[in-house]
Amino acid sequence: MTPKVLTVFGTRPEAIKLAPVIKEFQKTAGICSRVAVTGQHRQMLDQVLDLFKIKPDADLNIMSNNQTLFQITTRSLSGLEKLLVKEKPDLILVQGDTTTCFAAALSAFYHQIPVGHVEAGLRTDDKYNPFPEEMNRRLTTVLADLHFAPTALAKKNLISCGVPEKKIFLTGNTIVDALQSILKVIEKHAHPVLKKIPSSAKIILVETHRRENLGKPMENICDALDKLVRIFPNVHLIFSVHKNPKVRETVYRKLDKKERIFLLEPVDYPTLIYLQSKAYLILTDSGGIQEEAPSLGKPVLVMRKTTERPEGVKAGAAKLVGTDTKKIFLEAANLLKNKKAYEKMSRITNPYGDGKASKRIAEIIKFYFKKKQLFTPLQ
Ligand code: UD1
């Protein structure tokens, strides 16, 4: 019988990184693909589902306003309990480090269903940074049976955590697969905001949303952005503002209706890639953007205390700048003024993958089931 793989996700980044894998499953004879979404995010998830034309077989629709981690976890678990009884999948595939990812891996364990973990092995080794993602991904590692590591460093991290090497597969990050497919269509996704910005301007693109940056750090970030625009008359700022009300409150209070600052509703994925390609510089706390920007040759300043993606920093394409107003301002100002420093950070490099990760994941899963069928335990 064809093994049934249930892919479970809930937020925008998971959807972007799993879309190429689901597409690959659909082309792969030998895998029966099912998709379930928790709906941890609503609008931002649906944007990606529409874009990649993915129609979930089940939607738990758990999102509520100002949801807590307890609510996301318990609602996901109770929705998945029923779904797994009905679907009886042979493998559950999860991605990354969201609470949906952890809850889905845990519910698979309760039903004794094997778990495949895409983007396994990212670590900061700091329990509360990022919060709760560092623990979500560590707990998922403990529950997973197949670990798809995006980089050699991620593989090394998994080995350090005691994962047997034969269960780890170095695949590359599926974000590169998604990015390559979207680059073919981005020209159709130019945002009208660009018409308001002179072609000689230097665009700074911003996206921030992390829980550990809510409150004071987000205020610091906004103050730094405000100062950059005031001091550099050629700078125009485009900020794709996350749907989280706690992000919106700070960003709109600090930056709304200011000259040369454009606050946008979360733009769809191809538009975000288009805006990245037009930006002079990118400031973010997002994981996905840290992975995309080096492929586009755009310097990225990471406004966090720590990163689980040191590969971009090592390659010279990203720099960790924290959330101190002065530090963010000085680092960005340096890249605006110092041509040499800017050029050093804008070489196209791709430490995260070659665009074939999804193919590898599908092949490995097929092989995993084939081997299982061949294996007859001693009676
Ligand atoms: C979540 C993930 C984080 C991931 C991020 C990507 C957890 C704990 N966090 O963080 O790892 O990097 O997604 O965006 O899993 N909202 C909407 N509409 C949407 C999306 C969000 O209204 O389409 C609002 C909801 O009111 C929600 C709030 O945003 O309460 C926060 O969303 P939540 O999923 O709890 O956390 P994020 O900070 O988005």
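Glu 119 forms a salt bridge with Arg 309, and the closest N and O atoms of this pair lie 3.4 Å apart. The model is predicted, and the domain assignment of the protein divides it into domain 1, covering 4-173 together with 353-368, and domain 2, covering 189-346. Taken over C-alpha atoms, the centres of domain 1 and domain 2 are separated by 28 Å.

**Extent of the interface**

- To the contact between the two domains, domain 1 contributes 28 residues, while domain 2 contributes 23 residues.
- Between domain 1 and domain 2 an area of about 2000 Å² is buried, and carbon and sulfur atoms give 55% of that area.
- Of the area that domain 1 buries against domain 2, 21% is supplied by Arg 12, Met 44 and Asn 129, which is more than any other three residues supply.

**Charged and polar pairs**

- Five salt bridges are found by the rule across the interface of domain 1 and domain 2.
- Counting residues that are both at pLDDT 80 or more, eight residue pairs are in polar contact between domain 1 and domain 2.

**The side of domain 1 that touches domain 2**

- The elements that give two or more residues to this side are helix 1 (12-27), helix 2 (43-51), helix 3 (69-87) and helix 5 (133-143).
- Helix 2 provides the largest share of the side of domain 1 that touches domain 2, namely four residues.
- By residue class, the side of domain 1 that touches domain 2 consists of 11 nonpolar, 10 polar and seven charged residues.

Terms used
Residues are numbered from 1 along each chain as its sequence is written. This is a predicted model: local features need pLDDT of at least 70, side-chain atom pairs count only at pLDDT 80 or more; totals for chains, interfaces and linings use all residues. Side-chain values use heavy atoms; hydrogens and water are left out. Domain bounds come from an automatic or database domain assignment. Contact means heavy atoms within 4.5 Å. Buried area is the accessible area (1.4 Å probe) that two parts lose on being put together, summed over both. A salt bridge is a side-chain nitrogen of Lys or Arg within 4 Å of a carboxyl oxygen of Asp or Glu. A polar contact is a pair of N or O atoms within 3.5 Å; within protein, one must be able to donate a hydrogen and the other to accept it, and residues adjacent in sequence count only if both atoms are side-chain atoms. Ala, Val, Leu, Ile, Met, Phe, Trp, Tyr, Cys and Pro count as nonpolar, Asp, Glu, Lys and Arg as charged, and the others, Gly among them, as polar.
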